[in-house]
Amino acid sequence: MSKPRVAIFDFACCEGCQLQIVNLEEEILDLVALVDPVEWREAMSEQSEEYDIAFIEGSITRPQDEERVKQIRERAKVLVALGACATIGGVNKTKNRFEMKEVQQCVYGAHADDPHLDTYPTKSVGEVVKVDYNIHGCPIENSEFGYVVRCLAQGKTPELPNYPVCVECKLRENACRFEFGEICLGPITRAGCNATCPSAGAWCFGCRGLVDNPNVNAARDVLDKYGKTVDDLMLKVGLFNQEQEQV
Amino acid sequence: MANAIDLNVHHVTRIEGHGNIRLKASDGTIEKVEWQVPEAPRFFEAMVRGKHFEDIQTIVSRICGICSISHSLTAVKAVENALGVEVSEQTDKIRSLLHYSEQLQSHTLHVGYLVAPDLLGQKSVVPLVASHPDVVKTIIRCHRVANKWSELLAGRITHPVTLKIGGFSQLPTEKQLLELKQILLDAIPDLQAVANVVLSLADKLPDFNRPTEYIAQSKPGTYPFYHGDIGSTDADEDVPVEEFESVVNEYISPQSTAKWTKWHRDAFAVGALARFNLNADWLQPMAKATAEMFGLEKGCCNPFMNNVAQVVECVEVVEGGLKHIEEILSDGIKPEKPDVKPQAGQGAGCIEAPRGILFHRYAFDDDGICTSANICIPTNQNHGNIQKDFEAFAPQILDKDPDEIRLLLEMLVRSYDPCISCSTHYLDVEFV
């Protein structure tokens, strides 16, 4: 069986998720033994229009980007959204709180109406084309990327965590961030990061998106216990999860 | 001899972000040579409005994956400036130590993974694994040292989580700093090996010189990355950070709707070579010896030598890092608990990102909610200079075959280590 051809594409983002792939260092060679990288602009000069698996990093923010991602979808057998900008829109969606015309004027002033500075409300990749798998996080966990590549190379379905960050945080025996008077999004955020931020003394920013069917009642109980309100929570939810309907 | 060249490089590879090269020439005359930036704009200055002062750094860190530590630190400095927060000497020193790690991380990535393939005649680092395994392994070790270094102090490699307004959410322990010290000491032979490899290939770097104004942080007596005023090779006196807008002088280029920058000339350059040209007198001993090895001297106006200046800085930050660790350990690590109250105000922050000088400015209302922002990014400051280099360099290489012209122009762009995701609120979308 020939190795699946893999391409990595980027849209509006910081390219930090691609950087996490680079940070796999030697392990990239193990992955290259399983798949054939045919296009990865940030790291390679080669380009190709034939690929089996496409990884998409970044959000869709312009009409021309929408066309490009649709073309990639047509060519790819499997499409994977890579990182928060692609999976949930991430910080790019904080723009959507404003009228686009006003956003353009804020940054470009008198040039706001120039046609090439056009923008529209940020969309995740899944809001434009069908996404087969999501690799969550801002940035992604590169171990999870390696796991998904191995699964796809072997024709298996990757299973990603569907329980809240609190589970991993407890296993690491961290003190709860609410005990420090902070708001933490751990109770409603999808795990898989090994509670990186609470383990470094920070609260969970929610970058992996909401867990499916978050236990809203339990989250409300936690807020009540520590004298916090839903509005306090929503200000923090809005960093990475603007417009997530389940909230 | 009719020599018609029509070069369209759509999305130059092995750089961060999207950029295009356009060259059209016939009979030895250039009709058009342009550096274009078609990256999707992201509107960060608009996005941070309405957000709490503690959350600004979390958002703007996402401007760039490669220089997320620089963006976070600049935001933290600007917010503290706006809120009148003074940090302890310990916080200042640990932040500076963390910031060093990003220079090593970014420069190793750039020189080792993105530029080395050009010098060794390959299209990416992947074939180098087979052709030059020892070189690749050494580069990987250096990159891993930098990653461990930032992970220890920032909580993870990319997008730091430990930075807080007024201090840190978590301080390193003495044991961790001693381990880091050993890691850095062990890295010195590898860094020297990388420098020797680059030296052996330095003849592949074109000998192209164009008199250029260089701008970088300046703090006489130091080779600054973290603290300093704004210095220029064209100016006798430094300018305070508070006045950064009067230095960058953003303008609209007639050939491009991108905002570019200029100060004393029609363009200026920032980055490792700019820092070297301003501050080389105060390099640490090993870094100074590395520069001498390459014959790199102050006043160098060859943009390709930016790669060499990055190698020199890799050595500089390891030496500087070791000094910082010694000082922090001898003072002893004291627990701190940042406690910052909101107040209305505005303030600017400045830092040397790996690619050059970076400025942020924010304003806040009484509740500490952001009301406006201005961010001026190094790659953005270099776009105009890349264009001026193109105009001077292209005529010198027109007699070469098209593939070589393409490679040389791409190498020129790569030498600036552009970080286009960063610079996306300034762009020229002429799709070619």
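This is a predicted model: local features need pLDDT of at least 70, side-chain atom pairs count only at pLDDT 80 or more; totals for chains, interfaces and linings use all residues.
Trainee: Where do I start? Which residues have the most contacts inside the largest nonpolar core?

Mentor: Ala54(A), Ile56(A) and Val79(B). That core has 193 residues.

Trainee: Which element gives the largest share of it?

Mentor: Helix α4 of chain B, residues 89-119. It supplies 11 residues.

Trainee: And where does the core lie relative to the two domains of chain A?

Mentor: Between them. Domain 1 (5-153) and domain 2 (165-237) of chain A both give residues to the core, so it lies between the two.

Trainee: Back to Ile56(A). What does it touch, sequence neighbours aside?

Mentor: Leaving out residues up to four places away, Ile56(A) touches Phe9(A), Phe11(A), Val69(A), Ile72(A), Leu79(A), Ala81(A), Leu82(A), Ala86(A) and Val125(A).

Trainee: How far apart are the C-alpha centres of the chain A domains?

Mentor: They lie 27 Å apart. The contact between the domains takes eight residues from domain 1 and six residues from domain 2 of chain A.

Trainee: What classes of residue are on the domain 1 side?

Mentor: Three nonpolar, three polar and two charged on the side of domain 1 that touches domain 2.

Trainee: Now the two chains. How many residues does each put into the contact?

Mentor: Chain A gives 47 residues and chain B gives 48 residues.

Trainee: Which elements of chain A give two or more residues to that side?

Mentor: α1 (16-22), α2 (27-32), α5 (100-108) and α8 (196-199) of chain A. α1(A) gives the most, with four residues.

Trainee: And by class, what is on the chain A side?

Mentor: There are 24 nonpolar, 12 polar and 11 charged residues on the side of chain A that touches chain B.

Trainee: Switching to chain B. What is the strand order in its three-stranded open sheet?

Mentor: β1-β2-β3, with antiparallel pairing. The edge strands are β1 (5-9) and β3 (29-36) of chain B, and each pairs on one side only. From one strand to the next, the twist averages 5°.

Trainee: How many bridges join β1(B) to β2(B)? And β2(B) to β3(B)?

Mentor: Five bridges join β1(B) to β2(B). Seven bridges join β2(B), residues 20-26, to β3(B).

Trainee: What does Ala348(B) contact beyond its sequence neighbours?

Mentor: Ala78(B), Asn81(B), Val241(B), Glu242(B), Phe244(B), Phe359(B), His360(B) and Arg361(B). His360(B) is 12 residues from Ala348(B) along the chain, and their C-alpha atoms are separated by 5.6 Å.

Trainee: Last topic, backbone geometry. Which peptide bond is cis in chain A?

Mentor: The one from Cys138(A) to Pro139(A), with omega near 0°. Pro139(A) lies in the loop between β5 (133-135) and α6 (142-153) of chain A.

Trainee: What is the phi of Glu173(A)?

Mentor: Positive, about 60°, although Glu173(A) is not a glycine. Glu173(A) lies in the loop between α7 (165-171) and α8 of chain A. With 7 C-beta neighbours inside 10 Å, Glu173(A) counts as exposed.

Trainee: And Asn213(A), what is its phi?

Mentor: Near 45°, also a positive value in a non-glycine residue. Asn213(A) lies in the loop between α8 and α9 (216-225) of chain A. Asn213(A) counts as exposed, with 8 C-beta neighbours inside 10 Å.

Methods. Residues are numbered from 1 along each chain as its sequence is written. Chains are lettered from A and ligands numbered from 1 in the order in which they are written. A nonpolar core is a set of buried Ala, Val, Leu, Ile, Met, Phe, Trp, Tyr and Cys residues joined through C-beta atoms within 7 Å. A residue is buried if 20 or more other C-beta atoms lie within 10 Å of its own, exposed if 12 or fewer, and partly exposed in between; C-beta atoms are placed from the backbone. Domain bounds come from an automatic or database domain assignment. Two residues are in contact if their C-beta atoms, placed from the backbone, lie within 7 Å. Ala, Val, Leu, Ile, Met, Phe, Trp, Tyr, Cys and Pro count as nonpolar, Asp, Glu, Lys and Arg as charged, and the others, Gly among them, as polar. Two strands pair if DSSP finds at least two bridges between them. Axes are lines fitted to C-alpha atoms, for helices over the stretch in contact, and angles run from 0 to 180 degrees between N-to-C directions.
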